[in-house]
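I opened this structure to look up ring contacts, charge pairs, a few strands and a surface patch. My notes follow in the order I took them.

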Amino acid sequence: MHGEYKVPGGKLVVVDLGVDAGHLTRVRVAGDFFLEPDEALLLIDAALEGAPADTDTAGLTARIHAALPPSAVLFGFTAESVAIAVRRALAHATDWGDYAWQLIHDAPQPPALHMALDEVLTTEVAAGRRPPTLRVWEWDAPAVIIGSFQSLRNEVDPEGVARHGVTVVRRISGGGAMFAEPRSTITYSLAVPEALVSGLSFADSYAYLDDWVLTALGDMGITAWYQPLNDIATDAGKVAGAAQKRMVGPDGGPGAVLHHVTMSYDIDADKMLDVLRIGKEKLSDKGTRSAKKRVDPLRRQTGLAREAVIEKMIASFRSRYGLARGAVTAEETARAQDLVRTKFGHEEWTARIP
């Protein structure tokens with residue numbers, strides 16, 4: 001069995017192993033990381049050899065820590081990243097390069113249709129009828145997008161929404177409310193097979209699926225990092241927030257993961273505060289007194305036009321994994337439009353938690 005794990009912001013860890021009578025055997029760890037002393041690699045292999053195959057990530061990490069001398073230096077990886085690579089090998093996880101990725105980047109569309117397309121396209125990936133897809137959104141109207149489990153009245157100021165002509169929609173993923181304007185926001189979705197994140201914890205899958213965009217931002221001169229659970233941050237502040245939804249496949253089999261990210265390109269902080277109700281508890285949790293200080297737009301950090309940022313993001317993804325231009329099919333469009341009528345454009349869904 002073969003497993004790989006690219007440490008977010010770090011190095012690649014590769015594990016090859018077998019399983020005999022329910023225990024790990026022939027374990028060999030490799031990668032482009034740095035490790036001192038040299039013989040520490042053999043100690044890691046030995047620590048994993050014979051471990052029960054159902055040992056979780058924490059248990060495997062503990063075995064590695066116990067085997068390494070205090071003087072050991074791991075650079076670009078951790079004991080936990082080795083354990084994750086083992087779990088991915090055991091889960092027969094796939095890698096980014098195993099797929100023929102498709103790009104969808106269409107003309108501006110209504111907020112409710114974006115919500116519906118996320119559900120439809122991820123369902124299609126889960127069913128094996130669509131390849132893994134990167135979809136870059138274009139908005140035709142300003143919107144507030146609340147998380148699946150949020151209270152509408154607690155998150156949205158109806159007077160502010162009416163004053164600014166903002167559409168309110170509810171997405172299928174959890175997480176917090178986001179404010180999006182057509183020229184001020186960059187939003188994208190990844191619809192990926194569940195196998196891509198097999199062996200990863202829920203939290204680790206966020207970091208794993210965000211890693212490519214950290215590289216893309218780095219190419220634009222921005223040092224960014226994943227900030228648990230679902231933020232992308234820089235020294236200047238938060239630049240993006242992510243959310244996920246897991247969908248089962250046909251007959252309850254392996255499914256797909258929807259991972260979508262909203263990035264602030266040139267946010268109008270005053271308008272955001274006028275339409276969102278951002279409580280003191282949330283601001284305290286983020287370690288700041290002002291919501292205006294929580295988000296630092298990409299326009300200021302890159303000096304690039306919004307279109308240029310998107311082009312560079314797409315080019316970075318394509319250079320790493322390949323990316324062919326695709327389109328939403330007529331059938332997918334019809335299903336999404338039907339979901340707008342029956343769900344995402346309907347008050348019963350938007351206010352399902354009043």
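**Charge over ring.** I began with K343, which lies over the face of W349, 4.5 Å from the ring centre. I count a charge as over a ring if NZ of Lys or CZ of Arg is within 6 Å of the ring centre and within 35 degrees of the ring normal. R88 gave me another case: its charged end sits over the ring of Y208, at 4.9 Å from the centre.

**Ground rules.** This is a predicted model, where local features need pLDDT of at least 70, side-chain atom pairs count only at pLDDT 80 or more, and totals for chains, interfaces and linings use all residues. I number residues from 1 along each chain as its sequence is written, and side-chain values use heavy atoms, with hydrogens and water left out.

**Salt bridges.** How many salt bridges does the structure hold? I found 14, taking a salt bridge as a side-chain nitrogen of Lys or Arg within 4 Å of a carboxyl oxygen of Asp or Glu. K343 came up again here: its side chain meets that of E119 at 2.9 Å, N to O. K343 lies in helix 12 (residues 330–344) and E119 in helix 4 (residues 111–126), so this pair ties together parts 224 residues apart in sequence. My helices (H or I, at least four residues) and strands (E, at least two) are DSSP runs, numbered from the N terminus. Both K343 and E119 are buried. Buried means under 20% relative accessible area, exposed over 50%, and partly exposed in between (1.4 Å probe, protein chains only).

I then checked E124 and R335, whose closest N and O atoms are 2.6 Å apart in a salt bridge. E124 lies in helix 4 and R335 in helix 12, so this pair joins parts 211 residues apart in sequence. E124 counts as buried at 5% relative accessibility, while R335 is partly exposed at 28%. I also noted a network of salt bridges that links K6, D211 and R320.

**Aromatic pairs.** I paired rings of Phe, Tyr and Trp (its six-membered ring) if their centres lie within 6.5 Å; planes under 30 degrees apart are stacked, over 60 edge-to-face, and the rest tilted. That rule gives 15 aromatic pairs. Why is the pair of Y99 and W101 edge-to-face? The ring centres of Y99 and W101 are 6.3 Å apart and the planes stand at 80°, so the pair is edge-to-face. Y99 and W101 are buried.

W212 and F317 are also edge-to-face, at 5.0 Å centre to centre and 85° between the planes. W212 belongs to helix 7 (residues 202–219) and F317 to helix 11 (residues 306–321), so the pair ties together parts 105 residues apart in sequence. I traced one aromatic cluster whose members include Y99, W101, Y208, W212 and F317.

**Strand 13.** From strand 13 (residues 231–234), D231 and A233 point one way and I232 and T234 the other, and all are buried. Strand 13 pairs with strand 12 (residues 225–227) in the antiparallel sense over three bridges; two strands pair if DSSP finds at least two bridges between them. I saw that I232 is the bridge partner of Y226. Strand 13 also pairs antiparallel with strand 14 (residues 237–247), over four bridges. There, A233 stands opposite K238.

**Outside.** My last stop was F75, in strand 5 (residues 73–75). F75 is exposed, at 55% relative accessible area.
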